[in-house]
Amino acid sequence: MISLSEMILPGQTIGIIGGGQLGKMLCLSAKKMGFEVGVLDPLESCPAAQVADWQIVGGYSDEFALEKMAQRCDVLTYEFENVDAEVLKLAEKAVPIPQGSKLLEITQDRLLEKAFLDVNNINIAPYATIVKLSDIEESIDSIGFPCVLKTTRGGYDGKGQHVMNSMSDIQGCIPLTKSGTCVLEAWIPFEKELSILIAANSRAETMVFPVVENTHRNNILHQTIAPAKIPDEVIEEVERIGKAIAESIELRGVMAVELFLAKNGSIYVNELAPRPHNSGHYSIEACEVSQFDAHIRGICNWPLPQTPNLLSPAMMVNILGQHFAEAITEIEAKPEWNFHFYGKKQAKYNRKMGHITILTKNIDETKQEIKETNIWD
């Protein structure tokens, strides 16, 4: 047992750096638990600000804006990686940031992330550091084709990446190499893309969410199946990897680990996300404790159950800008579907506008039901 003085309690204020859909869903969980919530985002009336108590309009790495946040909050959290870790360290002097800056520094730089995983004996794809275009040609013998060049910082949803299948594709890497240091990774011939969410608090309590299976289109998450249909020994190994990473970085709140299951049964960690994750959205309806509830509990040092208790198998499918209008028409036809719309003002191509979660006893039938809408063809 710990004393109430070691917890952030209802009535106190949580500040969220970042106002996108993850921030919005964190706000909703925090409000449910009785907290006041403030949001820092450069976009006025961003999705999170639509449900928060107040917003500071400012950049994620704006020292003055972060200082104002720190003065008004009892605890700070961030909902994505593109926050200046050095600026965050300054804010840590004024207000607790349980996620800390260490995990942020690791996950916002692909080379640091790979070095961290290497040191902790976590299996990753072969890679090479690329500073100039000629480094690619020199590294191909050891990396092989196919492979993918990625910027070390700032990439997401397929941005900052270039896939190569032969030497003729190298010229397409010029824009990335001009932007700074890159990472060349071997392409893993995977059988399944998996992810797992881990939550932790300062009491040495850890909660493990089910391992899920993901499908991407154009490097953007398309759908998630919970739980993944994989052998028990694979589940156990993925859970072991997730717990080992969480322990090594003294996790507070939620972290996602993305992995590849290769055809030979090997498991490779692809990347880490130091916050709630798109592949965990199913947990809002399908679990007793959602990933957003778990994150708020973790950063406020509330107790955590060992598992979130999956209430039902589920499928989650993303609604991008090109799906938005048609997805709305399904509200009338699909009363059993759980629709989440993020409140973004413009439905741009490949922009995440919402998601749908479907609780189901038959994943194959649900896949077919989604396919028959013709929205995601």
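Which residues line the largest cavity? In this predicted model, the lining of the largest cavity is made up of K114, A125, E185, F260, V269 and N270. By class, three of the lining residues are nonpolar, one is polar and two are charged. The space in this cavity amounts to about 30 Å³, and a search of the whole structure finds one cavity of 30 Å³ or more.

An open site was examined next. The second largest pocket has a volume of about 200 Å³. Its lining consists of K192, E213, I225, A226, P227, A228, K229, P313, I363, D364 and K367. Six of these residues are nonpolar and five are charged, while no polar residue takes part. Two elements, β12 (220-226) and α12 (363-372), each contribute at least two residues to the lining of this pocket. The greatest contribution comes from α12, with three residues.

The lining of the second largest pocket also includes A226 and P227, and these two residues are joined by a cis peptide bond with omega of about -5°. P227 is placed in the loop between β12 and α8 (232-248). A cis peptide bond is likewise found between F145 and P146, where omega is about -10°. P146 belongs to the loop that runs between α6 (133-143) and β6 (147-151). A further backbone feature concerns E250, a residue other than glycine whose phi is positive, near 50°. E250 lies in the loop between α8 and β13 (253-262).

At the level of domains, the chain is divided into domain 1 (13-97), domain 2 (126-186) and domain 3 (190-373). The contact between domain 1 and domain 3 involves 20 residues of domain 1 and 24 residues of domain 3. A distance of 23 Å separates the C-alpha centres of domain 1 and domain 3. The size of an interface is often expressed as the accessible area lost when the parts come together. Between domain 1 and domain 3, the buried area is about 1,800 Å², and carbon and sulfur atoms give 68% of it. On the domain 1 side, the residues that lose the most area to domain 3 are Q21, M25 and M33, which together account for 29% of what that side buries.

Charged pairs were then considered. Side chains of opposite charge can pair when their charged atoms come close. The count of salt bridges comes to 12, and the count between domain 1 and domain 3 is two. Another salt bridge links R275 to E81, the closest N and O atoms being 3.1 Å apart. R275 is located in the loop between β14 (267-273) and α9 (283-286), and E81 in the loop between β4 (75-78) and α3 (85-92), so this pair ties together parts that are 194 residues apart in sequence.

Note on methods: Residues are numbered from 1 along each chain as its sequence is written. This is a predicted model: local features need pLDDT of at least 70, side-chain atom pairs count only at pLDDT 80 or more; totals for chains, interfaces and linings use all residues. Side-chain values use heavy atoms; hydrogens and water are left out. On a 1 Å grid over the protein atoms alone, a cavity is a set of points where a 1.4 Å probe fits but cannot get out, and a pocket is an open set with protein on both sides within 12 Å along at least five of seven lines; lining residues have an atom within 4 Å of a point. Grid points are joined across faces, edges and corners, and a volume is the space filled by probe spheres set on the points. Ala, Val, Leu, Ile, Met, Phe, Trp, Tyr, Cys and Pro count as nonpolar, Asp, Glu, Lys and Arg as charged, and the others, Gly among them, as polar. Helices (H or I, at least four residues) and strands (E, at least two) are DSSP runs, numbered from the N terminus. Domain bounds come from an automatic or database domain assignment. Contact means heavy atoms within 4.5 Å. Buried area is the accessible area (1.4 Å probe) that two parts lose on being put together, summed over both. A salt bridge is a side-chain nitrogen of Lys or Arg within 4 Å of a carboxyl oxygen of Asp or Glu.
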